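Dear colleague,

Please find below the structure that I am handing over to you, followed by an account of what was found in it. I would be grateful if you could read the notes with the model open beside them.

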Amino acid sequence: MDPSTEYWRSTLVGVAQLLKNLSVNGIYIDQIACAPPVPCFKHQDLQFENNILPAMSPSSWVTGYRRLLSAVQELGFPVMSEAHTETYQDTVDINLAIYGYDACEHIPLFQAVYSGWTVLMGTKNWDYSSNNFNPTNFAARLAQLLTDGSSLGWFNVQYFAPFLQLPENVNQLLFLRHVVEARSSLLKYLVYGRMLPPVDYIVLPPSVTIADKCPVLQVRVLFASNFKITQCDSGASDLLGCTVRRAADTYGKPW
């Protein structure tokens, strides 16, 4: 659909209003932030010159979606969309950041630039490659999301739930609980603060393989990041080194 049309704007805003009437407290609109703009030609607006079709406004796609997303926000809804782009940063409250962040290196570049301005969520590299639970992958993904300031999630609960209910995986379930509690207690840093330059290791910690992708995905067994509070009650800045230490042989045990 052409996002610049009143029809499409009123349709999606109308759906959002229906959801709000049902006491839904947020809305996810798929694909907008990851979809490239495409030209949409309104026949009534076309004017030909020498049989040449004129170029349409290059901004109509972006301005149309910005108007649409802003209208949804005005309903009092937090808005989430797929991927992350600067174009919609002030009209999208949380970004399903699963594309620019899923390269092998997993460098939190976007977080470093836009932390404190927008919220990112999720990663794609959960290990669903076999019928066996990969505790190293599960714990490492959670730890990395936490230390990078991203909201936890976008993993398949239907896949992981049977494994997490097994007695032998109780430490993994406890680790998930502790990570959620840690993020909740550190929101003023991880959500409202600014990410500082990364920690310099005096001695590089060893790496561990967590997925057979890219072709092999490895991470350090120590995740660390620094966040600075930009505003607080006292008016002074505070600094927290938010560090999750996970030894390769103890992944899955709560710290």
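**Aromatic pairs**

A search of the whole structure finds 11 aromatic pairs, a pair being two rings of Phe, Tyr or Trp (its six-membered ring) whose centres lie within 6.5 Å, with planes under 30 degrees apart counted as stacked, over 60 as edge-to-face and the rest as tilted. One of them joins F138 and F155 in an edge-to-face arrangement, with 5.8 Å from centre to centre and 75° between the planes. This pair links distant parts of the chain, since F138 belongs to helix α4 and F155 to the loop between α4 and α5, 17 residues apart. Helices (H or I, at least four residues) and strands (E, at least two) are DSSP runs, numbered from the N terminus. Ring pairs also link F133, F138, F155, Y159, F160 and F163 into a cluster.

**Basis of the model and its confidence**

This is a predicted model, in which local features need pLDDT of at least 70 and side-chain atom pairs count only at pLDDT 80 or more, while totals for chains, interfaces and linings use all residues. Residues are numbered from 1 along each chain as its sequence is written, and side-chain values use heavy atoms, with hydrogens and water left out.

The mean pLDDT (the predictor's confidence in each residue, from 0 to 100) of the protein is 76, and 76% of its residues reach 70 or more. Confidence is highest in helix α6 (residues 170–185), at a mean of 91, and lowest in strand β9 (residues 238–245), at 39. The pLDDT is below 50 over residues 43–54, a stretch with eight contacts in the model beyond near neighbours in sequence; a contact means heavy atoms within 4.5 Å. Residues 232–255 also have a pLDDT below 50, and that stretch has 68 contacts beyond near neighbours in sequence. Where pLDDT is low, the predicted coordinates should not be read in detail.

**Nonpolar cores**

A nonpolar core is a set of buried Ala, Val, Leu, Ile, Met, Phe, Trp, Tyr and Cys residues joined through side-chain atoms within 4.5 Å. Buried means under 20% relative accessible area, exposed over 50%, and partly exposed in between (1.4 Å probe, protein chains only).

The largest core has 29 residues, of which F138, L142 and F160 touch the most other members. At least two residues of this core come from each of α4 (135–147), α5 (157–164), α6, α7 (187–190), β6 (207–211) and β8 (222–229). Helix α4 gives the most, with seven residues.

F138 is buried, with a relative accessible area of 0%. Leaving aside residues up to four places away in sequence, F138 touches W126, F133, F155, F160, L164, Q172 and L176. A second, separate core of 19 residues includes V13, I27, A71 and V79.

**Salt bridges**

Side chains of opposite charge can pair when their charged atoms come close. A salt bridge is taken here as a side-chain nitrogen of Lys or Arg within 4 Å of a carboxyl oxygen of Asp or Glu, and by this rule the count comes to four.

R9 forms a salt bridge with E6, the closest N and O atoms being 2.7 Å apart. The two are separated by about one helical turn because R9 and E6 are three residues apart in helix α1 (residues 6–21). R9 is buried, at 17% relative accessible area, whereas E6 is partly exposed, at 39%. E6, R9 and R67 are linked in a network of salt bridges.

R66 and D90 meet through their side chains in a salt bridge (2.7 Å, N to O). R66 lies in helix α2 and D90 in the loop between β2 (79–82) and β3 (94–96), so this pair ties together parts that are 24 residues apart in sequence. R66 is partly exposed, at 27% relative accessible area, and D90 is partly exposed, at 41%.

The side chains of E181 and R177 also form a salt bridge (3.1 Å, N to O). Both residues lie in helix α6, four residues apart, about one turn of the helix. E181 counts as partly exposed, at 39% relative accessibility, and R177 as exposed, at 53%.

**Surroundings of R66**

Helix α2, where R66 is found, spans residues 60–73. Not counting residues up to four places away in sequence, R66 touches T87, Y88, D90 and T91. The C-alpha atoms of R66 and P3, 63 residues apart along the chain, are separated by 8.9 Å.

With kind regards
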